[in-house]
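Here is a short tour of one protein chain for someone new to structures. Have a look at the picture, then read on.

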Amino acid sequence: MELLTEFPHLLPQNRQGTVYDGFISVHNRHYRVQINLHVPGQLSEASVSCDWKLQHILRRYEHIIKQRLQQCSTLHDFLIELRSIIERQLEQEEKDLGQTGVFQVCEQLLADLEQLGWERLVYIDPSFQEIHLQLMDDGNRKHVLKVQLSNEYPKEKPKCLTELPAKFEVHWTASSHLQDIYSQFHHIVSLYQEFWDMMEEIDRNTWVLEPEKPNYSAVHRRLAISSGASVQIAVDPKHPRVLPECRFLGADQAVSPLRESMGKNIQFWNEDRSLLDNLQMLLGITFPSPSNSKKEDFSVECGICYAYRLEMEIPNEVCNDARCGQSYHQSCLYEWLRALPSSRQSFNTIFGECPYCEKPITARMPMK
Ligand SMILES: [Zn+2]
Ligand SMILES: [Zn+2]
């Protein structure tokens, strides 16, 4: 009952009275607090969480708060202590105002965030040094802009981390603000809409062997064609409908018809069509996709170590014998051949026999 009169906005959430949720008010400001006692009536085991404003205020008091939880015998006593810590820190900050500049940075930042819209904020660290902002693009893709600030904000240009196919250069002047970075980011994101649309269509309708989880910055894809062949494409994010650089991986007998088809059809490349459509036309194939196959059919394991992924490597050395076609990691095959007395090396290439079918096979020295 005592608790209700002193802290009317903090209410028990269950019958046992172990979970409290609500607001604690200091100098007419309200801070969200949640307290979970875990064990009824026992404060020493309690966990306390609060909104990021309060987290910022209490950032140097963590150990004191822990200590108070141990010492106070009731929740009421603890809340009185907590409130006086907040009061003390707020008074201190008021005193510091204009002296260190840190407080001004916070005030400026709060004003900037207010103008930008709180719904765009996804993260802010308690010391106000890092802010993550989100942006939904026309294709309903969520992008996150990570901004790192110094105590000289907004005088000093903040650092920005993004997931874009090209470097994000911020234009910053002494009068710039967070909103300016955000609108520049918005502009850049709008430039890549077509690129992401094209890549999304590919990712949905093919088996992407590499990268494992393409992010928004990835311009490469390695697409499965058959169990022994794949194509690696490098797309120009500014001109995603233009013929990308293509590199085929796989045994000669699987790859040479693809090269032939490419030579014959390249004249029909039509930039009005999507990248996926054009690629299928170019190679004269329909890519295997999740709708008609399993990824395991294409991520063939290495015939030496029996794994698919070896650190960053995937098995892309293939035996050229039509009946064998076994895949190997470049480094596995190289080490295997090097250990054979019958193999010979010339510059970076080693010549030997396929561990499966004993037909001639070569391996390049892995670059490490
Ligand atoms: Zn291997
Ligand atoms: Zn073989």
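## Around Gln179

Leaving aside neighbours within four places in sequence, Gln179 is in contact (heavy atoms within 4.5 Å) with Asp112, Gln115 and Leu116. You'll find Gln179 in helix H6, residues 178-191; helices here are DSSP runs of H or I with at least four residues, strands are runs of E with at least two, and both are numbered from the N terminus. Gln179 counts as buried because its relative accessibility is 18%: buried means under 20% relative accessible area, exposed over 50%, and partly exposed in between, with a 1.4 Å probe and protein chains only.

## Before we go on

This is a predicted model, where local features need pLDDT of at least 70 and side-chain atom pairs count only at pLDDT 80 or more, while totals for chains, interfaces and linings use all residues. Residues are numbered from 1 along each chain as its sequence is written, chains are lettered from A and ligands numbered from 1 in the order in which they are written, and side-chain values use heavy atoms, with hydrogens and water left out.

Now hop over to strand S6 (residues 130-136), where Ile131 sits. Ile131 is buried, at 0% relative accessibility. Leaving aside neighbours within four places in sequence, its contacts include Leu109, Leu121, Tyr123, Leu145 and Leu178. Ile131 and Leu145 are 14 residues apart along the chain, and their C-alpha atoms are separated by 8.2 Å.

Tyr123, one of those contacts, belongs to strand S5 (residues 121-124). Tyr123 is partly exposed, with a relative accessible area of 37%.

## Rings that pair up

How many aromatic pairs are there? The count comes to eight, where rings of Phe, Tyr and Trp (its six-membered ring) pair if their centres lie within 6.5 Å; planes under 30 degrees apart are stacked, over 60 edge-to-face, and the rest tilted. Take Trp52 and Trp118: their ring centres are 5.6 Å apart and their planes are at 40°, so this pair is tilted. Trp52 is in helix H2 (residues 52-57) and Trp118 in the loop between helix H5 (102-116) and S5, so the pair ties together parts 66 residues apart in sequence.

Both are partly exposed: Trp52 has a relative accessible area of 22%, and Trp118 has 32%. Elsewhere on the list of rings, Tyr192, Phe195, Trp196 and Tyr216 are linked into a cluster by ring pairs.
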